[in-house]
Amino acid sequence: MNKDFKHSQGLDNGELNIPKLEWKHDRGAVFINISGTWLISCNERPRVLRRWDSLLKQGTDATVFNISFDDSLVWDTSLVVFLRGALQEFEKQKKEVNFEQLPHGINKLLKLSKIGKVAKEKSEIEDLTEDIEKFANDLPNYFVKPVTFIGAVLISFTELVSGKSEMRWNDFIDSARKCGASALPIVTLISFLTGLTMAFVGSVQLEKFNAKIYVADLVSLAMVREMGALMVGIIMAGRTGASFAAELGNMKLNEEIDSLRTFGVSPISFLVLPRTLALFIMTPLLTLYADIVGILGGLAVATSVMDFSAIHYFEQTQSALTHMWEIYSGVMKSLFFGLIIGLVGCYKGMNSGRDSAALGKAVTSAVVVSITFIIVTDAMFETIYSYLELR
Amino acid sequence: MSVEQKRNSTIRVNNVTLAYEEYLVLENVSFDVEKGKCLFVMGGSGCGKSTLLKSMVGLLEPVAGNVFINGDALWGDESDMTQVLREFGVLFQGGALWSSMTIQENVALPLEIHTDLTDCEIEDIVRYKLGLVGLSGFETYYPAQLSGGMKKRAGLARALALDPKILFFDEPSAGLDPITSKRLDDLIIELKESLGMTFVVVSHELASIFQVADDSIFLDAKTKTLLDKGHPDFLLRNSNCPEVIDFLSRHDSTKH
C-alpha cells in the first residue's frame, strides 16, 4: 500500500528530529517500524545504523520481515539507501520482506535504483598482474609503432625530394618562424646566463693557477662543443616539442587528423614533415646563435669582474677556436637534437588518446622522452668523437 | 558484385565486423545504400554508429568483411583506397575544421591537393560553396571565431569542395538548436534533390530521421548487430523488434 510522502521537509521546530527504528520479534516474524527524520544531515543516523546491524544479527532465525512506515516520516536519499541495503541483505539471506504503507516516492526510487551487476573490485595483485599483462602485450608496439612512424616520415621526405609531397611550404615557413625566430628571446637569456655562469665558476678556479685569461678558452670551447647545442636542445624540447605534441594531440581530439585522412591527405606529409623539417633546420642555427651569446656572457664577466679588455678576450677566444671542427661538432649534434625533438613531439601528438588527460600525458611524455634522447645522443656523440680522436 | 548491383547500389557494407583491439563493437553488419538516397544509421548511445561510419570512410579497418564504394573495395590495396576516398566527403561531428587555417583555406585545401585548378578558380569555387551553406562573408574567419552551427556548415562546404557523389554525416544535429538543425536537414534534402547525391547520416535525432531519411538501419548495443532496416515510417509500424519501435515511437510523443 502506498501513500503520499514528506520528502525533505526539514526539521520540525521544537521536536527532537532523529531517525527512529522500532523492532519487534514475534514467532519467526520481525515487525519493523520506521519513523522520525531520515535526513543525510541528521547526526543521529550512524547510531541508528549501528543499532540496525546489531538487530539484524538478533533476527537471524526470523523468516518474514514486515516493514511499516510512520505517517510523520520525513526522509531523503539516506532512507532510500538504507532500505536498498536492507533489501539486498534480506535477498542474500533469502528472507521474505513485506512493506506496509511504503511511501510512494520511496517505492519509485527503489525501483529506479534496482541493483544491476556491480563491477567486481579488483585486488592490488590482480591490478598489477593486469598491468604486467597489458605491458607484455603492448611491448611490440613500443618498437613497432615508432619504427613505422619513422619509416612513414622517411617515405614522406623522399616524396618531398622527388617533388610529389603534399607538404605546404607555408606550413614549413610558419613552423620555422615559430620554432626559430620566436625562440630567440629565451635562447638569448639562457645562453647568456650559461656563458656568464661558466665564466664565474671558471674564474675562481683558474685564479688559483694564475691562469685567469683561460676563462675565454673555457667558455668558448664549452659553449661550441657542448653547452650551446645542449641548452638549445633542452629549450626546444620544452618549448617546441611540447607545442608539437599539444597541437597534433588536440587536432586528433577534434578529429582534424581524421578529416585529413578522409580527403586522402597524409597527416605525415601535411603535419609532421613541415614541423620536423623546420626544427631540423632551425636548431643548428639557434645553436650557432647560442654559442655567440654564451661567449658574450663570458665576455661580460671577463670585462666587468676580471678586468680584461674585450679585444684581449676575443683574441684568446679566437686562439681557442682555431679549428672550425670545434664549432661543427656542436652543430652536428644539434641537427640530431632537432630531428629527435621534432619526431618525438609529433609522434606523441599523433598517438595521444582522445581525451584531455591523455593530451596532457602526451605533452609531458614528449618533453621527457626528448630530453632523455638528447642526453643519450650527446653522450654517444662525445664517445664517438673521443674514440675517433676528434677531441 | 554483379553489374546490376553495382549500378543500383552506391555503397555496400558486406558482413562487416568491427572491434577496438579486443572489444567487439559490431558483428556481421550488411546493408546497401542506393544511389541518390539518404540512409540514416540509428541506434542508442554506444551501439557503434560512429564506429561503423569510421569504417565506411576509411578510418577503421574492419576485423572481417569489407565496404564497397561504387563497387570498389575500400579496404585492401592502399593506393586504391586513396582513389576511393576522393569519391566522398565527410562531415564530422564538430566540423573538424583545421584550426590553423581560415574557412577559405579549409575549403580550398582539398581542391589544391586533388585538382590542377588555378588559384583564381579555386577561390571562385570556395566562395560558391561557402555561399551554398550560407557562410558568405566569413571566408577570412578562423574556426575558433565561428559558432557550433557555423563550424558544421563550414565543414559541409569543405566536404562538398570536390563535388563528391557521396556524403557522410556524423551526428549533424548534435549540439545544434532545433532551427539550425532543421536548416541543415533542409540543406541535405536540397543537395540530394538538386545534385542527386547519396547520403549516409549517423544520427538519433528523430525529427531529422523522419524528415530526411529514405532508408534507415537500426544498430543494437546489446546484440552488437543490425536489428532492422527500412524506411523509418515503415519500421515504426511494422518492425518486429521492440527496441526499434521504442526508439522510433518517441517521435510521436515529442510532437505533442
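A nonpolar core here is a set of buried Ala, Val, Leu, Ile, Met, Phe, Trp, Tyr and Cys residues joined through C-beta atoms within 7 Å. Buried means that 20 or more other C-beta atoms, placed from the backbone, lie within 10 Å of a residue's own. What you're looking at is a predicted model, where local features need pLDDT of at least 70, side-chain atom pairs count only at pLDDT 80 or more, and totals for chains, interfaces and linings use all residues. Residues are numbered from 1 along each chain as its sequence is written, while chains are lettered from A and ligands numbered from 1 in the order in which they are written.

**View 1. The largest nonpolar core, with 138 residues.** Val41(B), Met56(B) and Phe168(B) are among the residues with the most contacts inside this core. Its largest share, 19 residues, comes from helix H7 (residues 215-253) of chain A; helices are DSSP runs of H or I, at least four residues long, and strands are runs of E, at least two, numbered from the N terminus.

**View 2. Around Phe168(B).** Skip the neighbours within four places in sequence, and Phe168(B) is in contact with Leu53(B), Met56(B), Val57(B), Phe88(B), Val90(B) and Val200(B). Contact here means C-beta atoms, placed from the backbone, within 7 Å.

**View 3. A second, separate core of 14 residues.** Look for Trp38(A), Leu39(A), Trp75(A) and Val80(A), which this core includes. In soluble globular proteins, nonpolar side chains tend to be buried together.

**View 4. Leu83(A) in helix H2 (residues 77-92) of chain A.** Leu83(A) counts as buried because 23 other C-beta atoms lie within 10 Å. Beyond four places in sequence, Leu83(A) touches Ile106(A) and Leu110(A). Met306(A) is another story: 223 residues along the chain from Leu83(A), with 84 Å between their C-alpha atoms.

**View 5. The two domains of chain A.** An automatic or database assignment gives the bounds: domain 1 covers 2-112 and domain 2 covers 140-387. Their C-alpha centres lie 69 Å apart.

**View 6. Where chain A touches chain B.** Chain A brings 11 residues to the contact and chain B brings 14 residues. On the chain A side, 2 are nonpolar, 4 polar and 5 charged. Nonpolar covers Ala, Val, Leu, Ile, Met, Phe, Trp, Tyr, Cys and Pro, charged covers Asp, Glu, Lys and Arg, and the others, Gly among them, are polar.

How values were computed. Contact = placed C-beta atoms within 7 Å. Buried ≥ 20, exposed ≤ 12 C-beta atoms within 10 Å, placed from the backbone.
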